[in-house]
Amino acid sequence: MDKATTLAGPLGRVLLCFIFLLAGYGKATAPQGTIEYIASHGLPLPQIAYAVALAVELGCGLLVLVGYQARLAALVLAGFCIVTGIVFHYQPGDQAQMINFMKNLAMAGGFLQIVAHGAGALSVDNRKA
């Protein structure tokens, strides 16, 4: 395996996970605002939705970042991207929200690549193999 291929996996994981770790940190430091935002979109049980979002963003974000149980964590994040894209960003009349919706779909595609091909050579999963 060449150096570029070896380094692409961890760099891709960092780039995909950065937004989730940052968003999770923001949610953890401002829970009430996040819960109110979730409620404003009409979701039932916003406190539970908040806890799930926090766990997915921080938990699965960290798992994919280090490449541990990366396929499963990436699958969860792909689903999370699709669901949150539809619930929070699919607004055909609002170009900015549609850009965010498409961004979510693109991130889901990146995570599905990890599901299909694994975390790469420089990952905890690979060290275990």
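This is a short tour of the structure, stop by stop.

Before you start: this is a predicted model, where local features need pLDDT of at least 70, side-chain atom pairs count only at pLDDT 80 or more, and totals for chains, interfaces and linings use all residues. Residues are numbered from 1 along each chain as its sequence is written, and side-chain values use heavy atoms, with hydrogens and water left out.

**Stop 1: the helix α5**

Select residues 95–117, which are α5. Helices here are DSSP runs (H or I, at least four residues), numbered from the N terminus. α5 has 23 residues. From first C-alpha to last it reaches 33 Å, close to the 33 Å expected at 1.5 Å a residue. The expected span is 1.5 Å times one less than the number of residues.

Now colour the buried residues of α5: Q97, M98, F101, N104, M107, A108, G110, F111 and I114. Buried means under 20% relative accessible area, exposed over 50%, and partly exposed in between (1.4 Å probe, protein chains only). An α-helix has 3.6 residues a turn, so residues three or four places apart point the same way.

What covers these buried residues? Show α1 (3–29), α3 (46–66) and α4, which are among the elements that do.

**Stop 2: M98**

Zoom in on M98, in helix α5. Leave aside its neighbours within four places in sequence, and M98 is in contact with H89, Y90, Q91 and P92. Contact means heavy atoms within 4.5 Å. Then pick G85: 13 residues from M98 in sequence, and 8.9 Å away in space, C-alpha to C-alpha.

**Stop 3: a nonpolar patch**

Select I82, V83, I86, V87, Y90, M102 and L105. Together they form a nonpolar patch on the surface, with about 610 Å² of accessible area. Areas come from the Shrake-Rupley method with a 1.4 Å probe; for residues, only the protein chains shown count as cover. A patch like this joins nonpolar side chains (Val, Leu, Ile, Met, Phe, Trp, Tyr) within 5 Å, from residues with over 30% relative accessible area and no salt bridge. A salt bridge is a side-chain nitrogen of Lys or Arg within 4 Å of a carboxyl oxygen of Asp or Glu.

Which helix gives the most to the patch? α4 does, with four residues. Click I82 in helix α4. I82 is partly exposed, at 35% relative accessible area.

**Stop 4: the cysteines**

How many disulfides are there? The count is zero, taking a disulfide as a pair of cysteine sulfur atoms within 2.5 Å. For C17, the nearest cysteine sulfur is that of C60, 9.3 Å away. C17 is buried, at 0%.

End at C81. Its closest cysteine sulfur, in C17, is 9.9 Å away, too far for a bond. C81 is buried too, at 1% relative accessibility.

Key:
Patches are made of residues with over 30% relative accessible area and no salt bridge: like charges are joined within 9 Å, nonpolar side chains (Val, Leu, Ile, Met, Phe, Trp, Tyr) within 5 Å. Helices (H or I, at least four residues) and strands (E, at least two) are DSSP runs, numbered from the N terminus.
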